[in-house]
Structures are given as structure tokens and as C-alpha cells.
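Hi,

Here is the structure I said I would pass on. Have a look at it first, and then read on for what turned up.

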Amino acid sequence: MQCILVTGGCGFIGANFIRFLLEDTDFSGRIINVDALTYAGNPENLEGLDRRFPDRYRFVHADVCDREKMAEIFTTYPVDTVCHFAAESHVDRSIVAPDAFIRTNIMGTFNLLELARTHQDRLALFHHVSTDEVFGSLDETGHFTEKTPYDPSSPYSASKAASDHLVRAYHRTYKIPVTLSNCSNNYGPYQFPEKLIPLMILNALEGRPLPVYGDGRNVRDWLYVKDHCRAIWMIMQQGRWGETYNIGGRSEMKNIDVVRMICDLLDEMAPPDGKMSRRNLISFVKDRPGHDLRYAMDSSKLETETGWKPAESFESGLRKTIEWYLAHSSWVGRVRDGEYQTWMDRQYPEMRGRKGSA
Ligand code: NAD
Ligand code: TYD
């Protein structure tokens, strides 16, 4: 692996992955970061890397659905590895407007696979990043394994499921060297504040309501983003072609408990002006349609084959995440501009303009 094409590298996990590769591993090759800069893509997430690593890091503004432009990238750079993050990633947006999800997540992946096929002679690996949501919902017990049948509930998870099937089909049919990973909910620095954890941190800091869907008893298995990046890199180096690896954080939590923990940590780390706990901002709102009850990952295949284990507990990861958001208020300010406000106002009309009392 000497020249890795990372797609979606200006998003949350992609940016963390590029930073991890350049700053924390002995990888000595080049990274070409291709990103269309949608609302979720932010070049600021990678600020300074082109100066610090001028020969090793390059950003190319392009859409993975643009076959011609992507073909040009494969011709211009000696790409031998693809790590594919680019996607529309937010379930709520997929419920409101699924088109972009079908386009990017399915057609974009298909385009990249076709280019991988064209350049198969120099392709060492195509790694596809996917989600536990392809498996649908669990009851109170059990875990998803790599053998759990796919049963997606949202347009987002259905589009990711389709992309996973395409990647496996290209391995079986054309012998493209692929690995896949399906991971649980990530959190950490640079996450766009429409997802649960950063949204709650920022709303709580501003004294705004904390919208918990339904009764808050839905369970997610939280994975600190750097643990995820390390797992992907281990799979890329040690994973077997054609195989899928589940990645979970061993941190199952009910949403309401996540939100309460955020409130309590914030009260400790950034005490509110008055005496009121930020828990008072919690506000139960209408449930998400098709809301999966519980996700839980069995990562034993990954742990046995590579020795990977998550380094962060949920509390240690959450503390680091809150510290990061507290220290990056100007990043937050720039991210929460026009499009963001419009989306939030549409998403939570009952909360428009409402101020909390913390
Ligand atoms: P994100 O929304 O933060 O970032 C997605 C990035 O892809 C953005 O930079 C965006 O500009 C780019 N992008 C979107 N459409 C594109 C296109 N057509 N061409 C090129 N670039 C495009 O997403 P994320 O949270 O970083 O997720 C990355 C990957 O990980 C996705 O494939 C997602 O399905 C998967 N995943 C995420 C989570 C999670 O908790 N965030 C969990 C499991 C799996
Ligand atoms: P989210 O971060 O959107 O990730 P995903 O839907 O991919 O799991 O949501 C995580 C959980 O939090 C999910 O059960 C929905 C819930 N949730 C809320 O209760 N309120 C919110 O404002 C958001 C964004 C999510």
C-alpha cells in the first residue's frame, strides 16, 4: 500500500482516519483524499496536513459519482488502495430526502468498484466502510455477528446494505481484493453536530432543549472514532480478502443514559451559570419512524484475527470528546451556519428559537 485513495476524507471518520494514518502509524506512502464537500464535508478538519505532509497528502475536490473525474484521478495518481468512507450518513436526512443516499452510497460505490476493476492489476486492496445498521434491529438480547442476515430499516441503512452487497459481489465475480467493516455508532472529534452526541453537547452548552426521540430507551453500541480508525487500519493490513469484520465499542447504552451522562460531565467540566443541572433540558420528542430498538456488535472475529480491542471506555471517550468540543468553539461556530440551522429548524419545529434554562 503506497498510494491510498481515501474517499470522504473531509467528513468525521475519514478526517480522523487520515490524521491517524499520517500522525500515529508507520505508514509512509501517500494519501489522496477525494471529497465532494457536501454539508458534512469540511476541509478545516484536515487543516495544516498539506503543509506538514506536502509530498504525502493531497486533497482533490470530486464527487465519487462522477465517473470521468474519478477515472482521471486513477490516471493521475498511482492509486493502489482504496479506503471508501464517502457516503450520505445521517438516518434522519435519509428519511426526509433519500435520493442523495441512493446516488452516493450505491452509485458512488458502484463507480469506484468499476474503476477498481479497470485498474485491478495495480490494486492491492479496496476497503469498504459500512455500518451495523445493515443488520436491522435487535431485541433486548443478542449481538450482530458477521453472519447475521441483512434487514435494514431506513433508506440510509438500505443504501449501505446495497453497497456492501456490491463490494462482495465484485470480489466473488471479478476477484477484486476487498475487505469490509461494519461498525457501530462512532463519536469523537470533528463529528458534525446533527448526530446524537455532538448535538447534545452543543445544545446543552447553549442551554437549548435536548431532543430525545421516543422514550429514550433505544440502545446503541458506542465506538470512539480513533478506536475505529485503528481497527480499519488493522483490517487493511491483516484482514482476509472477501471477509467482513464487525467493529463495536463494547459500550452499549440507552440514549437517555447517554444524554444524562453528557449533562453530568458538562456540569462538571463546564459548570453552568445557575445551579440548575443540564438534565433539566432533556425533552422527549416524537419518535423517528422505523427507529431501530437496539444495536450491539460482536467483534470477536476482529479481535481474534488481529488482536484489536477498543482502548477507550465510553466515559473516557466521552470526556475526550467533550474536551475537544469545548476547545474548538470556533470550529463549531463555522460548522453551525445557514444550512445547519435550516435543517435543525425543519427537524425540530417545536423547538425553533426556544432557549433552555441551564
Ligand atoms: P460524514 O457524513 O461525516 O462524512 C461523509 C463525507 O463524505 C463528507 O466529507 C462528504 O462531503 C463526503 N461525501 C458525501 N457524498 C460524497 C460524494 N458523492 N462524493 C465524494 N464525497 C462525498 O460521515 P461519517 O460519519 O464520517 O461516515 C463515514 C463512513 O462511515 C460512511 O460510509 C458511513 O456510512 C460509515 N459509518 C459511520 C458511522 C457513524 O457513526 N458516523 C457508523 C457506521 C458506519
Ligand atoms: P444518530 O446519532 O442519528 O445515529 P444513528 O441513527 O445512526 O444510530 O442517533 C443515535 C441514537 O440517538 C438513535 O437511536 C436516535 C437517537 N437520537 C435522539 O434521540 N435525538 C436526536 O436528536 C438524534 C440526532 C438522535
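**Around ligand 2**

A polar backbone atom of Pro-211 sits 2.7 Å from a nitrogen atom of ligand 2. Keep in mind that this is a predicted model. On its own, ligand 2 has 510 Å² of accessible area, and the protein covers 97% of that.

As for what makes up the shell, helix H7 (196-205) and strand S8 (210-213) are the elements that give two or more residues to it. There are 18 residues around ligand 2, and Glu-133, Pro-211, Arg-288, His-291 and Tyr-348 come nearest. By type, the shell splits into 8 nonpolar, 5 polar and 5 charged residues.

Why does ligand 2 lie between domain 1 and domain 2? Both domain 1 (3-187 + 223-247) and domain 2 (196-219 + 252-287 + 312-351) give residues to the shell around ligand 2, so the ligand lies between them.

**Strand S1**

The other thing to look at is strand S1 (residues 3-7), where 5 of the 5 residues are buried. Both faces are covered: Cys-3, Leu-5 and Thr-7 are buried on one side, and Ile-4 and Val-6 on the other. S1 runs parallel to strand S2 (residues 30-35), and 5 bridges join the two. In one of these pairings, Leu-5 has Ile-32 in S2 as its bridge partner.

Cheers

Terms used:
Residues are numbered from 1 along each chain as its sequence is written. Chains are lettered from A and ligands numbered from 1 in the order in which they are written. This is a predicted model: local features need pLDDT of at least 70, side-chain atom pairs count only at pLDDT 80 or more; totals for chains, interfaces and linings use all residues. Side-chain values use heavy atoms; hydrogens and water are left out. A residue is near a molecule or strand if one of its heavy atoms lies within 4 Å of it. A polar contact is a pair of N or O atoms within 3.5 Å; within protein, one must be able to donate a hydrogen and the other to accept it, and residues adjacent in sequence count only if both atoms are side-chain atoms. Accessible areas come from the Shrake-Rupley method with a 1.4 Å probe; for residues, only the protein chains shown count as cover. Helices (H or I, at least four residues) and strands (E, at least two) are DSSP runs, numbered from the N terminus. Ala, Val, Leu, Ile, Met, Phe, Trp, Tyr, Cys and Pro count as nonpolar, Asp, Glu, Lys and Arg as charged, and the others, Gly among them, as polar. Domain bounds come from an automatic or database domain assignment. Buried means under 20% relative accessible area, exposed over 50%, partly exposed in between (1.4 Å probe, protein chains only). Two strands pair if DSSP finds at least two bridges between them.
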